[in-house]
2 protein chains.
Amino acid sequence: MQTLIANDVDTVIGNPGTSEMQFVSALDSVPKIRGVLGLFEGVVTGAADGYGRMAEKPAATLLHLGPGLGNGWANLHNARRARTPIVNIIGDHATFHRKFDAPLNSNIEALTETVSAWSKVAAIESISQDVAATIAASLTGPGKIASLILPADVAWGEASGTVAKASIPKPAAASQAAIDHVAKLLRSGESVGLLVNGPALREPALRLVNAIAQKTGARFWCDTFPARLPRGAGRPHIDRLPYFGEMVTMTLGGLKHLVLVGTKAPVAFFAFPGKASALLPEGCEAHTLVEDAQDVLGALKALAEAVGATVADAISEVLSPPTDDPSGSIDPSALGVAVARAMPENAIIVDEANTAGFAVPLMTQSCAPHDWLCLTGGSIGQGLPAAVGAALACPDRRVFCLEGDGSAMYTIQALWTMAREQLNVTTVILANRSYAILNLEMMRMGLGDAGPVARQMLDLNNPAMDFVAMGKSMGVPSYRAENAEQLVEQLRRSVATPGPTLIEAML
Amino acid sequence: MQTLIANDVDTVIGNPGTSEMQFVSALDSVPKIRGVLGLFEGVVTGAADGYGRMAEKPAATLLHLGPGLGNGWANLHNARRARTPIVNIIGDHATFHRKFDAPLNSNIEALTETVSAWSKVAAIESISQDVAATIAASLTGPGKIASLILPADVAWGEASGTVAKASIPKPAAASQAAIDHVAKLLRSGESVGLLVNGPALREPALRLVNAIAQKTGARFWCDTFPARLPRGAGRPHIDRLPYFGEMVTMTLGGLKHLVLVGTKAPVAFFAFPGKASALLPEGCEAHTLVEDAQDVLGALKALAEAVGATVADAISEVLSPPTDDPSGSIDPSALGVAVARAMPENAIIVDEANTAGFAVPLMTQSCAPHDWLCLTGGSIGQGLPAAVGAALACPDRRVFCLEGDGSAMYTIQALWTMAREQLNVTTVILANRSYAILNLEMMRMGLGDAGPVARQMLDLNNPAMDFVAMGKSMGVPSYRAENAEQLVEQLRRSVATPGPTLIEAML
């Protein structure tokens with residue numbers, strides 16, 4: 001615990017059990033650590049993801065053996081794809097107890113490895129070093145899931161020695177040859193695009209990308225689902241690649257070169273019969289500016305210099321939000337306008353709206369500055385937990401969580417933590433009462449309309465869920481918006497009211 | 001799908017995604033298969049566990065790639081400990097798509113192996129044989145998690161050939177030497193106990209254990225958390241070993257021999273500083289009657305014959321339920337009496353009541369015959385899903401699901417499936433508003449009372465959850481019982497009303 005604090009890890013989000021009681025008990029002796037309870041481990045890991053994306057430092061999780069890790073696995077998967085630093089602490093049986101294969105025993109090491117970039121079993125002789133090494137691993141290169149398995153007898157043992165400091169290596173510089181090569185392409189007069197993600201989407205890096213593109217006439221995009229995208233007035237305008245593969249290829253059509261900055265060449269989200277997995281258009285060549293663990297910001301600075309681009313000369317988004325409140329039924333466009341009209345400066349948008357939310361990015365792009373957080377790994381049930389974590393990291397900012405009804409139900413328990421911690425989260429449940437994306441995908445698969453039995457597996461009516469009752473049951477003030485007027489009014493009221501609000505928007 | 005039906009697997013419980021659309025679409029062409037939707041994969045796998053325990057044949061799951069399996073992992077862990085047969089079907093990306101490492105890609109094989117006894121990646125050339133082999137594996141020896149990974153291009157490919165039949169090997173006979181050895185112990189006059197679990201708890205086997213014990217004066221118990229225990233009038237009386245390790249050792253005190261039938265020597269659920277992990281008392285020797293994959297019923301028949309015990313001569317439990325309705329506040333004993341008074345014949349009790357429910361087994365032991373299902377693997381969040389599965393398997397029986405409030409919140413989405421499928425489940429939420437077991441365990445760890453921060457991690461007040469609103473929000477008629485009179489009346493009404501009911505019992 002002292003090692004966590006000495007290395008600026010001050011937030012522990014957990015769902016502990018018997019084998020973690022020493023850790024929990026110690027929370028009272030290290031008052032600088034904030035302990036946050038999730039009712040389900042998917043809330044814990046998703047919150048650690050949202051926290052890490054916004055705080056740019058790791059939260060620690062606390063999970064109860066293999067099943068706790070299993071429950072947290074899906075949102076660790078999303079965090080892995082987001083490159084979020086997480087110090088993932090997994091309690092285990094005492095070392096001497098494992099051989100008895102008690103009911104909760106499982107192969108935690110193997111399970112941990114399936115979702116961690118780095119993992120270690122803690123030992124009492126080296127506990128402080130082990131914790132420091134976990135923190136360092138989580139922050140080395142792009143963010144990582146670094147997992148420390150903590151046997152109960154290590155937790156209850158007597159540690160000795162000094163508190164270790166995490167040693168975080170600086171990223172290596174990108175190759176000068178790669179920078180020169182890309183600079184030459186950009187000056188060649190051929191059609192060049194830049195695809196950026198990860199560290200290239202931090203604001204200073206993105207401003208360089210913007211300046212480079214404007215100077216050279218290159219186009220640029222980020223990946224479909226970035227972990228965190230700075231948007232709004234005064235910031236560069238950047239489009240995300242579309243979701244459907246064929247549309248990605250169309251978007252990139254005509255490019256001779258695609259320069260990859262903090263990402264890889266675009267691939268289809270899913271395979272479909274007769275459709276391509278690799279989405280680069282024919283005749284377009286991919287080029288890597290920086291390798292994964294290299295210094296993205298440094299490479300972009302060097303590239304800007306090479307092409308003579310300066311941030312000060314580049315044009316950014318101009319403040320021009322929608323000017324009228326929406327009215328009538330809540331269609332995708334009305335939803336987007338309502339969010340744009342109600343969104344305060346510096347809002348954080350957690351976007352798990354899926355099909356229902358497709359117009360919101362467009363309607364909000366010229367609003368006051370804000371950050372946009374996406375579902376990076378495709379495992380739904382990430383939005384509500386990530387909103388918890390973002391609000392923990394940024395208590396002075398309003399979080400809007402745009403959540404599909406189907407997605408919401410994977411980790412609905414997050415609402416309780418919002419209420420307990422009085423987090424400034426406005427959750428908008430987009431109630432279309434189906435897995436709408438799957439109806440679309442079924443058609444794209446060439447399967448036609450779903451038959452009656454298949455339809456049962458995709459629709460969420462029968463019974464319809466009442467998210468207002470659900471939110472209230474967990475202590476979150478909750479309202480139903482039957483039309484756009486109500487929606488915008490409820491959104492505004494939520495912004496003016498500290499703590500969480502839930503709005504069920506009837507689509 | 002045809003292979004599932006040909007081998008009597010007629011229930012598919014799933015939460016599908018894009019890569020499973022062919023499977024979902026095919027549900028309409030095989031009308032004998034019942035497709036059941038869970039809103040979260042922990043509901044899916046827990047329901048498959050409850051189904052398998054009661055149907056004594058596997059249900060098939062349908063999970064969406066690594067994250068779907070991750071979400072279902074914890075209840076697969078419980079099912080693994082329960083030895084429940086499950087045909088676990090995990091959709092994956094098309095084989096040609098995996099190398100692109102799309103966002104949902106993960107190491108599914110490695111993840112699958114952490115919780116499966118058997119696993120295979122399906123191929124189009126052998127799809128029917130692969131499905132049949134999965135079914136056979138799930139039913140070989142004690143029940144198993146058998147996992148079939150189904151790449152999308154296998155699902156959309158054209159299968160050929162005939163529909164394969166699963167070939168399930170008969171268990172080998174137990175060794176005659178082991179049977180003779182145990183028979184000799186039982187006749188030796190020394191103090192002998194029998195510890196039984198698994199197949200030895202099926203009713204015919206348990207009757208033989210009872211007869212053997214009564215004939216020889218041996219005592220007998222089952223493990224603390226059996227998968228399925230037949231109880232009530234006309235059946236043998238059998239006690240479960242206690243939960244706390246020191247009490248197990250006390251219970252077994254004075255035994256010279258403990259004969260293991262379908263189980264292993266008792267071990268502590270958790271390790272504690274200075275407490276034993278192995279719980280056999282000093283001077284007590286363990287003996288194994290049958291190995292894991294051997295024929296338990298055959299061994300017990302041979303043993304009964306060897307000691308001259310006959311089932312017809314053995315005494316069973318006599319019908320003698322509590323005679324008066326409980327009144328006043330809902331304490332553990334009133335809860336037990338209320339359940340005993342309301343429970344119809346042939347009820348199924350799914351018990352995840354933890355601390356709050358400790359008196360219910362005692363109060364119900366002389367009621368009409370019923371089956372008792374326990375949390376086998378210690379991973380909470382199993383009760384509500386298992387109740388779904390038990391009710392799917394046994395539509396003519398009433399399921400009582402006794403559920404701690406903390407445990408309920410791991411897989412609360414199960415209520416929606418109860419409502420959608422109109423399952424005959426009476427869920428009783430035992431609202432003590434804390435992880436009460438952890439307060440106990442903290443004291444047993446020698447950590448004293450929890451400090452204020454630690455207490456925050458164990459208590460579930462602030463905000464208190466409203467399970468009546470929660471149940472109604474998912475379509476389940478829900479009531480609050482403030483006292484024992486209301487509880488017993490609401491329980492009775494639920495039994496008389498088809499479909500699900502939720503009762504929040506205020507402790």
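Arg81(A) and Asp101(B) meet through their side chains in a salt bridge, 2.7 Å from N to O. A salt bridge here is a side-chain nitrogen of Lys or Arg within 4 Å of a carboxyl oxygen of Asp or Glu. The rule finds 4 salt bridges across the interface of chain A and chain B.

Before I go on, the conditions. This is a predicted model, in which local features need pLDDT of at least 70 and side-chain atom pairs count only at pLDDT 80 or more, while totals for chains, interfaces and linings use all residues. Residues are numbered from 1 along each chain as its sequence is written, chains are lettered from A and ligands numbered from 1 in the order in which they are written, and side-chain values use heavy atoms, with hydrogens and water left out.

Back to the interface. Between chain A and chain B, 44 residue pairs are in polar contact, both residues being at pLDDT 80 or more. A polar contact is a pair of N or O atoms within 3.5 Å; within protein, one must be able to donate a hydrogen and the other to accept it, and residues adjacent in sequence count only if both atoms are side-chain atoms.

Which elements of chain A supply at least two residues each of the side that touches chain B? Among them are helix 2 (21–26), strand 2 (34–37), helix 4 (65–82) and helix 19 (467–473). Helices (H or I, at least four residues) and strands (E, at least two) are DSSP runs, numbered from the N terminus. Helix 4 of chain A gives the largest share of that side, 10 residues. By class, the side has 51 nonpolar, 33 polar and 10 charged residues. Ala, Val, Leu, Ile, Met, Phe, Trp, Tyr, Cys and Pro count as nonpolar, Asp, Glu, Lys and Arg as charged, and the others, Gly among them, as polar.

In total, 94 residues of chain A are in contact with 94 residues of chain B, where contact means heavy atoms within 4.5 Å. The buried area between the two chains is about 8,000 Å², and carbon and sulfur atoms give 67% of that. Buried area is the accessible area (1.4 Å probe) that two parts lose on being put together, summed over both.

Now the sheets of chain B. An open sheet of 7 strands has the order 9-14-13-15-16-18-17, with mixed pairing. Two strands pair if DSSP finds at least two bridges between them. Strand 9 (229–231) and strand 17 (478–481) of chain B are the edge strands, each pairing on one side only. Inside this sheet, strand 13 (347–352) and strand 14 (370–374) of chain B pair in the parallel sense over 5 bridges. Asp351(B) has Cys374(B), in strand 14, as its bridge partner.

Another open sheet of chain B has 5 strands in the order 10-8-7-11-12, with parallel pairing. Strand 10 (239–240) and strand 12 (285–290) stand at its edges with a single partner strand each, so one side of each has no neighbour in the sheet. Strand 8 (219–222) and strand 10 of chain B run parallel, joined by 2 bridges. The bridge partner of Cys222(B) in strand 10 is Arg240(B).

Last, the backbone. A cis peptide bond joins Asn462(A) and Pro463(A), with omega about -10°. Pro463(A) is in the loop between helix 18 and helix 19 of chain A. In chain B, a cis peptide bond joins Asn462(B) and Pro463(B), with omega about -5°. Arg83(A) is not a glycine, yet has a positive phi of about 60°.
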